[in-house]
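Hi,

Here is the structure I promised to pass on. Have a look at it, and then read on for my notes.

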Amino acid sequence: MEPLTTFALLVSLAGIPTTLKPTWNTERSNGTSIAPSTLIPSYVADAVGISATKNLSIDSTVNLIGSESLDVLNILSSYADLVDGWDGVDSVAPQWQDLERAVGFVQGIPSSIPLPRPMLSPSGIVGLFWDTEFAYSDVHFDDDNKMSIFIRNRQTGVEHFYDEVAVENLHPDWYFEVFGTLANSYALAA
Amino acid sequence: MNLDNLYPSSGNHAVQSMAFAIEWQGELSEKTMHAVHALAPILKPHYPTAVLQKLVMVNVGANPGQTSVVSNTDAIGGVQFQRPGKFGQVGGMMVVSRSNVLVQVNDYTRWKPVLESAMGFFGVVLKPILEEKSISAVALQYVDIFTWKDSIANLDYSKIFRLGNPYLSPNALALKSLWHSHHGFIVESTVPVLNTRLDNINVDIIENQGDRAVQILTSHRATMAEPLRKASDNYLQTIESVENELHAVNKKMLQALLTDEVCRKIDLIDK
(Lines give C-alpha, C1' and ligand atoms only; values in the text may rest on other atoms or scores of the structure.)
Protein backbone atom coordinates (compact mmCIF):
# COMPACT_ATOMS: atom_id res chain seq x y z
CA MET A 1 0.00 0.00 0.00
CA GLU A 2 1.31 3.44 -0.89
CA PRO A 3 2.06 5.50 2.21
CA LEU A 4 0.57 8.65 0.70
CA THR A 5 -3.08 9.02 1.48
CA THR A 6 -5.54 11.64 2.51
CA PHE A 7 -6.67 12.51 5.97
CA ALA A 8 -10.03 11.06 5.07
CA LEU A 9 -8.49 7.63 5.04
CA LEU A 10 -7.28 8.13 8.59
CA VAL A 11 -10.81 8.94 9.58
CA SER A 12 -12.24 5.96 7.78
CA LEU A 13 -9.89 3.64 9.64
CA ALA A 14 -10.87 4.94 13.04
CA GLY A 15 -14.08 2.94 13.39
CA ILE A 16 -16.38 5.94 13.85
CA PRO A 17 -19.99 5.05 14.69
CA THR A 18 -22.47 5.87 11.96
CA THR A 19 -24.56 7.98 14.31
CA LEU A 20 -21.75 10.47 14.94
CA LYS A 21 -22.42 14.03 13.86
CA PRO A 22 -21.02 14.72 10.37
CA THR A 23 -17.83 16.73 10.42
CA TRP A 24 -18.75 19.85 8.50
CA ASN A 25 -16.27 22.52 9.36
CA THR A 26 -18.46 25.15 10.98
CA GLU A 27 -15.90 26.54 13.37
CA ARG A 28 -16.38 30.26 13.76
CA SER A 29 -13.53 32.40 12.59
CA ASN A 30 -12.20 35.11 14.88
CA GLY A 31 -11.20 38.19 12.99
CA THR A 32 -11.05 38.55 9.28
CA SER A 33 -7.87 36.55 8.94
CA ILE A 34 -8.19 33.44 6.85
CA ALA A 35 -8.49 30.02 8.37
CA PRO A 36 -5.25 28.08 8.96
CA SER A 37 -6.02 25.75 6.07
CA THR A 38 -6.56 28.68 3.76
CA LEU A 39 -3.31 29.43 2.06
CA ILE A 40 -4.06 31.19 -1.18
CA PRO A 41 -6.05 34.42 -0.99
CA SER A 42 -6.33 34.75 -4.73
CA TYR A 43 -9.39 36.90 -5.08
CA VAL A 44 -9.63 40.44 -3.87
CA ALA A 45 -11.83 43.34 -4.79
CA ASP A 46 -11.20 44.36 -8.36
CA ALA A 47 -11.56 48.05 -7.74
CA VAL A 48 -10.38 49.50 -4.47
CA GLY A 49 -10.58 53.19 -3.80
CA ILE A 50 -12.66 55.92 -5.23
CA SER A 51 -11.12 56.11 -8.67
CA ALA A 52 -13.75 53.87 -10.24
CA THR A 53 -16.65 56.21 -9.85
CA LYS A 54 -19.52 57.36 -11.96
CA ASN A 55 -22.47 59.67 -11.65
CA LEU A 56 -25.67 58.19 -10.34
CA SER A 57 -28.90 59.09 -12.00
CA ILE A 58 -31.09 59.32 -8.93
CA ASP A 59 -33.35 62.09 -7.80
CA SER A 60 -31.36 64.15 -5.40
CA THR A 61 -30.44 67.71 -4.67
CA VAL A 62 -26.81 66.88 -4.23
CA ASN A 63 -24.43 65.61 -6.85
CA LEU A 64 -23.70 62.15 -5.52
CA ILE A 65 -20.98 59.91 -6.79
CA GLY A 66 -20.90 56.19 -6.34
CA SER A 67 -18.40 53.45 -6.85
CA GLU A 68 -18.81 50.41 -9.03
CA SER A 69 -16.79 48.36 -6.61
CA LEU A 70 -18.69 46.28 -4.09
CA ASP A 71 -15.85 46.11 -1.62
CA VAL A 72 -17.68 48.58 0.53
CA LEU A 73 -15.49 48.52 3.62
CA ASN A 74 -12.27 49.11 1.70
CA ILE A 75 -13.79 52.04 -0.12
CA LEU A 76 -15.21 53.58 3.05
CA SER A 77 -11.75 53.30 4.57
CA SER A 78 -10.24 54.99 1.53
CA TYR A 79 -12.60 57.94 2.02
CA ALA A 80 -10.72 58.72 5.24
CA ASP A 81 -7.70 59.75 3.16
CA LEU A 82 -9.60 62.52 1.41
CA VAL A 83 -8.95 66.15 2.28
CA ASP A 84 -10.99 69.28 1.67
CA GLY A 85 -10.96 70.15 -2.02
CA TRP A 86 -10.90 66.47 -3.08
CA ASP A 87 -13.60 67.16 -5.71
CA GLY A 88 -13.18 70.82 -6.49
CA VAL A 89 -12.49 73.89 -4.40
CA ASP A 90 -15.77 73.76 -2.49
CA SER A 91 -15.75 70.05 -1.76
CA VAL A 92 -15.42 68.84 1.81
CA ALA A 93 -13.75 65.74 3.24
CA PRO A 94 -16.01 63.36 5.16
CA GLN A 95 -15.99 63.27 8.96
CA TRP A 96 -14.28 60.19 10.32
CA GLN A 97 -17.17 59.69 12.77
CA ASP A 98 -19.56 59.35 9.82
CA LEU A 99 -17.24 56.85 8.18
CA GLU A 100 -17.10 54.81 11.40
CA ARG A 101 -20.89 54.82 11.62
CA ALA A 102 -21.15 53.69 8.03
CA VAL A 103 -18.68 50.85 8.63
CA GLY A 104 -20.58 49.76 11.74
CA PHE A 105 -23.85 49.90 9.83
CA VAL A 106 -22.45 47.69 7.05
CA GLN A 107 -20.95 45.19 9.48
CA GLY A 108 -24.33 44.79 11.16
CA ILE A 109 -26.23 43.92 7.99
CA PRO A 110 -27.47 40.30 8.22
CA SER A 111 -25.87 38.06 5.65
CA SER A 112 -29.23 37.43 3.96
CA ILE A 113 -29.19 41.03 2.75
CA PRO A 114 -26.67 41.99 0.05
CA LEU A 115 -23.98 44.50 0.89
CA PRO A 116 -24.54 48.08 -0.25
CA ARG A 117 -22.23 50.27 -2.27
CA PRO A 118 -20.69 53.40 -0.74
CA MET A 119 -21.11 56.93 -1.97
CA LEU A 120 -19.82 60.33 -0.98
CA SER A 121 -21.14 63.75 -1.86
CA PRO A 122 -18.87 66.74 -2.51
CA SER A 123 -20.26 68.25 0.68
CA GLY A 124 -18.76 65.34 2.64
CA ILE A 125 -21.96 63.38 3.31
CA VAL A 126 -21.24 59.66 3.57
CA GLY A 127 -23.85 57.36 2.12
CA LEU A 128 -24.64 53.82 1.07
CA PHE A 129 -26.97 52.57 -1.62
CA TRP A 130 -28.45 49.43 -3.13
CA ASP A 131 -29.72 49.29 -6.68
CA THR A 132 -31.14 45.82 -7.34
CA GLU A 133 -33.86 44.25 -9.41
CA PHE A 134 -36.15 44.42 -6.38
CA ALA A 135 -35.46 47.75 -4.77
CA TYR A 136 -33.49 50.95 -4.72
CA SER A 137 -32.39 52.27 -1.35
CA ASP A 138 -29.96 54.83 -0.02
CA VAL A 139 -28.76 55.72 3.45
CA HIS A 140 -27.19 59.04 4.42
CA PHE A 141 -25.22 59.49 7.64
CA ASP A 142 -25.76 62.86 9.28
CA ASP A 143 -23.55 64.73 11.74
CA ASP A 144 -25.71 64.09 14.80
CA ASN A 145 -25.31 60.30 14.93
CA LYS A 146 -28.51 59.94 12.93
CA MET A 147 -29.22 58.69 9.45
CA SER A 148 -31.90 59.08 6.83
CA ILE A 149 -33.11 56.21 4.69
CA PHE A 150 -35.02 56.04 1.43
CA ILE A 151 -36.26 52.78 -0.06
CA ARG A 152 -38.37 52.11 -3.13
CA ASN A 153 -39.79 48.65 -3.84
CA ARG A 154 -39.44 48.20 -7.59
CA GLN A 155 -42.09 45.48 -7.70
CA THR A 156 -44.83 47.45 -5.97
CA GLY A 157 -43.64 51.03 -6.39
CA VAL A 158 -44.11 51.62 -2.67
CA GLU A 159 -41.65 54.09 -1.18
CA HIS A 160 -40.61 54.68 2.42
CA PHE A 161 -38.53 57.46 3.94
CA TYR A 162 -37.09 57.31 7.44
CA ASP A 163 -35.50 60.38 9.01
CA GLU A 164 -33.58 60.92 12.24
CA VAL A 165 -32.86 57.21 12.70
CA ALA A 166 -30.32 56.51 15.46
CA VAL A 167 -27.32 54.66 14.07
CA GLU A 168 -26.39 52.72 17.21
CA ASN A 169 -27.60 49.36 18.50
CA LEU A 170 -29.38 48.26 15.36
CA HIS A 171 -30.83 44.77 15.73
CA PRO A 172 -30.84 42.32 12.79
CA ASP A 173 -34.64 42.36 12.95
CA TRP A 174 -34.56 46.09 12.29
CA TYR A 175 -32.55 45.53 9.12
CA PHE A 176 -35.18 43.05 7.91
CA GLU A 177 -38.03 45.37 8.70
CA VAL A 178 -36.47 48.19 6.68
CA PHE A 179 -34.44 46.40 4.00
CA GLY A 180 -36.22 43.05 3.78
CA THR A 181 -37.14 43.75 0.16
CA LEU A 182 -33.46 43.48 -0.71
CA ALA A 183 -33.05 40.05 0.86
CA ASN A 184 -34.34 38.10 -2.13
CA SER A 185 -31.20 36.24 -3.13
CA TYR A 186 -33.15 33.77 -5.26
CA ALA A 187 -32.37 36.24 -8.02
CA LEU A 188 -28.77 35.10 -7.81
CA ALA A 189 -29.72 31.70 -9.11
CA ALA A 190 -31.80 33.00 -11.98
CA MET B 1 -33.86 29.34 40.44
CA ASN B 2 -34.80 32.51 38.59
CA LEU B 3 -34.76 31.93 34.84
CA ASP B 4 -34.45 35.68 34.29
CA ASN B 5 -30.74 35.04 34.87
CA LEU B 6 -30.56 32.60 31.96
CA TYR B 7 -29.63 34.59 28.85
CA PRO B 8 -30.14 33.27 25.32
CA SER B 9 -27.13 34.22 23.20
CA SER B 10 -29.07 36.56 20.92
CA GLY B 11 -31.66 37.98 23.26
CA ASN B 12 -34.90 36.75 21.73
CA HIS B 13 -33.35 33.52 20.46
CA ALA B 14 -30.41 31.34 21.46
CA VAL B 15 -28.95 30.54 18.03
CA GLN B 16 -25.29 31.50 18.09
CA SER B 17 -24.68 30.07 14.62
CA MET B 18 -26.34 27.73 12.20
CA ALA B 19 -25.44 26.05 8.94
CA PHE B 20 -27.03 24.50 5.90
CA ALA B 21 -25.11 21.72 4.18
CA ILE B 22 -25.43 19.69 1.00
CA GLU B 23 -23.33 16.60 0.33
CA TRP B 24 -22.57 14.44 -2.68
CA GLN B 25 -20.85 11.12 -3.21
CA GLY B 26 -17.14 11.23 -3.98
CA GLU B 27 -15.10 14.34 -4.59
CA LEU B 28 -15.37 17.16 -7.08
CA SER B 29 -12.74 17.45 -9.79
CA GLU B 30 -10.24 20.27 -10.00
CA LYS B 31 -12.11 21.60 -13.02
CA THR B 32 -15.35 21.92 -11.08
CA MET B 33 -13.58 23.57 -8.14
CA HIS B 34 -12.26 26.19 -10.54
CA ALA B 35 -15.76 26.61 -11.97
CA VAL B 36 -17.08 27.23 -8.45
CA HIS B 37 -14.35 29.78 -7.80
CA ALA B 38 -15.28 31.54 -11.04
CA LEU B 39 -18.73 32.23 -9.55
CA ALA B 40 -17.25 34.80 -7.16
CA PRO B 41 -18.45 37.86 -9.12
CA ILE B 42 -22.06 36.62 -8.94
CA LEU B 43 -21.84 36.06 -5.19
CA LYS B 44 -19.93 39.26 -4.50
CA PRO B 45 -22.94 41.34 -3.36
CA HIS B 46 -23.38 38.88 -0.48
CA TYR B 47 -19.85 37.51 -0.12
CA PRO B 48 -17.28 40.12 -1.21
CA THR B 49 -14.29 37.89 -0.53
CA ALA B 50 -13.58 34.53 -2.14
CA VAL B 51 -10.62 32.55 -0.88
CA LEU B 52 -9.13 29.43 -2.35
CA GLN B 53 -8.27 26.76 0.19
CA LYS B 54 -5.38 24.49 -0.43
CA LEU B 55 -5.74 20.72 -0.42
CA VAL B 56 -3.53 19.29 2.28
CA MET B 57 -2.30 15.74 1.86
CA VAL B 58 -1.08 13.68 4.80
CA ASN B 59 1.73 11.20 4.36
CA VAL B 60 1.05 8.28 6.69
CA GLY B 61 4.01 6.06 7.45
CA ALA B 62 3.88 2.56 8.84
CA ASN B 63 5.72 3.51 12.01
CA PRO B 64 5.33 6.33 14.57
CA GLY B 65 7.18 9.46 13.53
CA GLN B 66 6.82 8.76 9.83
CA THR B 67 3.67 10.87 9.41
CA SER B 68 4.09 14.24 7.75
CA VAL B 69 2.01 16.81 5.93
CA VAL B 70 2.65 16.99 2.20
CA SER B 71 1.29 20.05 0.47
CA ASN B 72 0.14 20.02 -3.11
CA THR B 73 0.22 23.66 -4.11
CA ASP B 74 -1.77 23.12 -7.30
CA ALA B 75 -4.83 21.37 -5.90
CA ILE B 76 -7.84 23.27 -4.56
CA GLY B 77 -9.28 21.88 -1.33
CA GLY B 78 -12.16 24.30 -1.18
CA VAL B 79 -13.47 27.75 -1.97
CA GLN B 80 -14.57 29.96 0.89
CA PHE B 81 -16.89 32.91 0.20
CA GLN B 82 -16.95 35.34 3.13
CA ARG B 83 -18.58 38.55 4.22
CA PRO B 84 -17.49 40.84 7.05
CA GLY B 85 -19.39 40.95 10.31
CA LYS B 86 -19.22 42.90 13.54
CA PHE B 87 -16.02 43.31 15.54
CA GLY B 88 -13.79 41.93 12.79
CA GLN B 89 -15.54 38.58 12.74
CA VAL B 90 -16.80 36.79 9.68
CA GLY B 91 -20.51 37.62 9.41
CA GLY B 92 -21.32 34.64 7.26
CA MET B 93 -19.69 32.38 4.75
CA MET B 94 -20.22 29.67 2.21
CA VAL B 95 -17.61 26.97 1.86
CA VAL B 96 -17.54 24.61 -1.10
CA SER B 97 -15.25 21.68 -0.38
CA ARG B 98 -14.60 18.67 -2.57
CA SER B 99 -17.41 16.75 -0.88
CA ASN B 100 -19.96 19.27 0.38
CA VAL B 101 -21.16 22.84 0.39
CA LEU B 102 -21.88 24.63 3.62
CA VAL B 103 -23.64 27.95 4.19
CA GLN B 104 -22.85 29.21 7.67
CA VAL B 105 -24.90 31.95 9.30
CA ASN B 106 -23.42 33.74 12.31
CA ASP B 107 -26.15 36.37 12.54
CA TYR B 108 -29.31 34.25 12.54
CA THR B 109 -32.52 36.24 12.66
CA ARG B 110 -35.55 34.49 11.22
CA TRP B 111 -35.88 31.12 9.52
CA LYS B 112 -37.59 32.19 6.29
CA PRO B 113 -35.16 34.87 5.05
CA VAL B 114 -32.14 32.87 6.17
CA LEU B 115 -33.40 29.78 4.31
CA GLU B 116 -34.24 31.81 1.22
CA SER B 117 -30.80 33.35 1.08
CA ALA B 118 -29.12 29.97 1.53
CA MET B 119 -31.24 28.56 -1.30
CA GLY B 120 -30.17 31.45 -3.49
CA PHE B 121 -26.52 30.66 -2.82
CA PHE B 122 -27.07 26.94 -3.39
CA GLY B 123 -28.76 27.78 -6.68
CA VAL B 124 -25.59 29.47 -7.84
CA VAL B 125 -22.97 26.91 -6.83
CA LEU B 126 -24.98 23.75 -7.53
CA LYS B 127 -25.08 24.44 -11.26
CA PRO B 128 -21.44 23.43 -11.92
CA ILE B 129 -21.49 20.84 -9.13
CA LEU B 130 -24.49 19.00 -10.62
CA GLU B 131 -22.63 18.78 -13.92
CA GLU B 132 -20.40 16.27 -12.16
CA LYS B 133 -22.16 14.95 -9.06
CA SER B 134 -25.61 14.16 -7.74
CA ILE B 135 -26.76 15.34 -4.34
CA SER B 136 -26.97 12.59 -1.76
CA ALA B 137 -27.71 14.42 1.48
CA VAL B 138 -29.18 17.65 2.81
CA ALA B 139 -28.36 18.83 6.30
CA LEU B 140 -29.02 21.49 8.92
CA GLN B 141 -27.11 22.35 12.06
CA TYR B 142 -27.70 24.74 14.97
CA VAL B 143 -25.59 25.84 17.90
CA ASP B 144 -27.71 27.32 20.70
CA ILE B 145 -26.12 28.97 23.72
CA PHE B 146 -27.66 30.00 27.05
CA THR B 147 -25.50 31.78 29.62
CA TRP B 148 -26.23 31.60 33.34
CA LYS B 149 -25.60 34.97 35.01
CA ASP B 150 -25.91 33.97 38.65
CA SER B 151 -24.16 31.79 41.19
CA ILE B 152 -23.74 28.16 40.20
CA ALA B 153 -25.33 27.25 43.53
CA ASN B 154 -28.58 28.68 42.18
CA LEU B 155 -28.38 26.79 38.91
CA ASP B 156 -30.83 23.91 38.61
CA TYR B 157 -30.64 22.06 35.31
CA SER B 158 -34.08 20.55 35.85
CA LYS B 159 -35.49 24.05 35.36
CA ILE B 160 -33.78 24.28 31.97
CA PHE B 161 -34.16 20.75 30.66
CA ARG B 162 -37.53 19.02 30.75
CA LEU B 163 -37.72 16.19 33.26
CA GLY B 164 -38.03 12.85 31.50
CA ASN B 165 -36.88 14.23 28.17
CA PRO B 166 -35.62 11.45 25.91
CA TYR B 167 -32.27 13.01 24.99
CA LEU B 168 -30.45 13.41 28.32
CA SER B 169 -29.40 11.00 31.02
CA PRO B 170 -31.41 11.70 34.20
CA ASN B 171 -28.11 11.80 36.09
CA ALA B 172 -27.14 15.02 34.32
CA LEU B 173 -30.02 17.06 35.65
CA ALA B 174 -29.01 16.56 39.29
CA LEU B 175 -25.41 17.67 38.77
CA LYS B 176 -23.85 20.99 39.70
CA SER B 177 -20.58 20.21 37.94
CA LEU B 178 -19.73 20.37 34.24
CA TRP B 179 -21.09 17.60 32.07
CA HIS B 180 -21.85 16.68 28.48
CA SER B 181 -24.34 14.43 26.83
CA HIS B 182 -23.97 13.55 23.14
CA HIS B 183 -26.62 11.49 21.44
CA GLY B 184 -27.02 10.46 17.81
CA PHE B 185 -29.57 8.22 16.15
CA ILE B 186 -30.99 7.34 12.76
CA VAL B 187 -34.61 7.76 11.73
CA GLU B 188 -36.20 6.38 8.57
CA SER B 189 -38.37 9.11 7.09
CA THR B 190 -40.64 9.67 4.14
CA VAL B 191 -41.02 13.42 4.61
CA PRO B 192 -40.77 15.21 2.25
CA VAL B 193 -38.99 12.47 0.27
CA LEU B 194 -37.80 9.00 1.22
CA ASN B 195 -34.68 9.50 3.33
CA THR B 196 -32.61 8.18 6.19
CA ARG B 197 -32.10 10.92 8.72
CA LEU B 198 -29.24 11.17 11.17
CA ASP B 199 -30.14 13.32 14.17
CA ASN B 200 -27.56 14.47 16.69
CA ILE B 201 -28.24 16.36 19.90
CA ASN B 202 -25.10 17.22 21.80
CA VAL B 203 -25.46 19.13 25.05
CA ASP B 204 -22.37 20.59 26.71
CA ILE B 205 -22.25 22.46 30.00
CA ILE B 206 -19.23 24.70 29.68
CA GLU B 207 -17.41 27.56 31.38
CA ASN B 208 -17.57 30.64 29.23
CA GLN B 209 -15.58 33.66 30.40
CA GLY B 210 -16.34 32.95 34.04
CA ASP B 211 -19.98 32.10 33.51
CA ARG B 212 -21.64 28.72 33.23
CA ALA B 213 -23.17 28.19 29.80
CA VAL B 214 -25.39 25.60 28.18
CA GLN B 215 -24.40 24.79 24.60
CA ILE B 216 -26.76 22.69 22.52
CA LEU B 217 -25.57 21.49 19.14
CA THR B 218 -28.30 19.91 17.05
CA SER B 219 -27.66 18.55 13.57
CA HIS B 220 -29.86 16.71 11.14
CA ARG B 221 -28.71 15.04 7.93
CA ALA B 222 -31.18 13.52 5.48
CA THR B 223 -29.57 11.01 3.14
CA MET B 224 -32.02 10.65 0.28
CA ALA B 225 -32.98 7.29 -1.17
CA GLU B 226 -32.98 8.83 -4.64
CA PRO B 227 -30.14 11.31 -5.20
CA LEU B 228 -30.99 14.64 -6.74
CA ARG B 229 -29.50 15.00 -10.20
CA LYS B 230 -29.16 17.74 -12.73
CA ALA B 231 -32.15 16.26 -14.54
CA SER B 232 -34.24 16.10 -11.37
CA ASP B 233 -37.25 18.35 -11.60
CA ASN B 234 -37.14 21.26 -9.20
CA TYR B 235 -34.13 20.01 -7.26
CA LEU B 236 -33.87 23.33 -5.45
CA GLN B 237 -37.47 23.07 -4.28
CA THR B 238 -36.79 19.55 -3.01
CA ILE B 239 -33.75 20.76 -1.08
CA GLU B 240 -35.79 23.60 0.37
CA SER B 241 -38.56 21.18 1.41
CA VAL B 242 -36.03 18.93 3.12
CA GLU B 243 -34.49 21.90 4.96
CA ASN B 244 -37.95 22.99 6.11
CA GLU B 245 -38.60 19.48 7.43
CA LEU B 246 -35.24 19.40 9.22
CA HIS B 247 -36.05 22.75 10.79
CA ALA B 248 -39.39 21.38 12.00
CA VAL B 249 -37.66 18.30 13.41
CA ASN B 250 -35.17 20.55 15.18
CA LYS B 251 -37.92 22.61 16.71
CA LYS B 252 -39.70 19.51 18.04
CA MET B 253 -36.48 18.14 19.51
CA LEU B 254 -35.72 21.37 21.35
CA GLN B 255 -39.30 21.59 22.59
CA ALA B 256 -38.92 18.07 23.99
CA LEU B 257 -35.54 18.92 25.52
CA LEU B 258 -36.24 22.30 27.12
CA THR B 259 -38.82 23.29 29.71
CA ASP B 260 -41.79 25.39 28.66
CA GLU B 261 -40.39 28.42 30.46
CA VAL B 262 -37.12 28.23 28.56
CA CYS B 263 -39.00 27.62 25.31
CA ARG B 264 -40.98 30.78 25.95
CA LYS B 265 -37.77 32.77 26.40
CA ILE B 266 -36.74 31.90 22.85
CA ASP B 267 -40.21 31.99 21.30
CA LEU B 268 -40.26 28.24 20.75
CA ILE B 269 -43.84 27.73 21.90
CA ASP B 270 -46.33 26.75 19.20
CA LYS B 271 -48.97 29.39 18.78
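Start with B:M18: apart from its neighbours within four places in sequence, this residue is in contact with B:V103, B:Q104, B:V105, B:Y108, B:W111, B:V114, B:L140, B:Q141 and B:Y142 (contact means heavy atoms within 4.5 Å).

Before you go further, this is a predicted model, where local features need pLDDT of at least 70 and side-chain atom pairs count only at pLDDT 80 or more, while totals for chains, interfaces and linings use all residues. Residues are numbered from 1 along each chain as its sequence is written, chains are lettered from A and ligands numbered from 1 in the order in which they are written, and side-chain values use heavy atoms, with hydrogens and water left out.

B:M18 also turns up with B:F20, B:F81 and B:L126 as the residues with the most contacts inside the largest nonpolar core, which has 47 residues. Such a core is a set of buried Ala, Val, Leu, Ile, Met, Phe, Trp, Tyr and Cys residues joined through side-chain atoms within 4.5 Å; buried means under 20% relative accessible area with a 1.4 Å probe, protein chains only. The top contributor is helix α3 of chain B (residues 111-130), with 12 residues. A second, separate core has 34 residues, including A:Y79, A:L120, A:A135 and A:V139.

As for chain B overall, 56% of its 271 residues count as buried. Its C-alpha atoms fill a box of roughly 60 × 50 × 40 Å along the principal axes. Among contacts in chain B with a separation of 6 or more, 68% come from residues 24 or more positions apart.

Cheers

Conventions: Buried means under 20% relative accessible area, exposed over 50%, partly exposed in between (1.4 Å probe, protein chains only). Helices (H or I, at least four residues) and strands (E, at least two) are DSSP runs, numbered from the N terminus.
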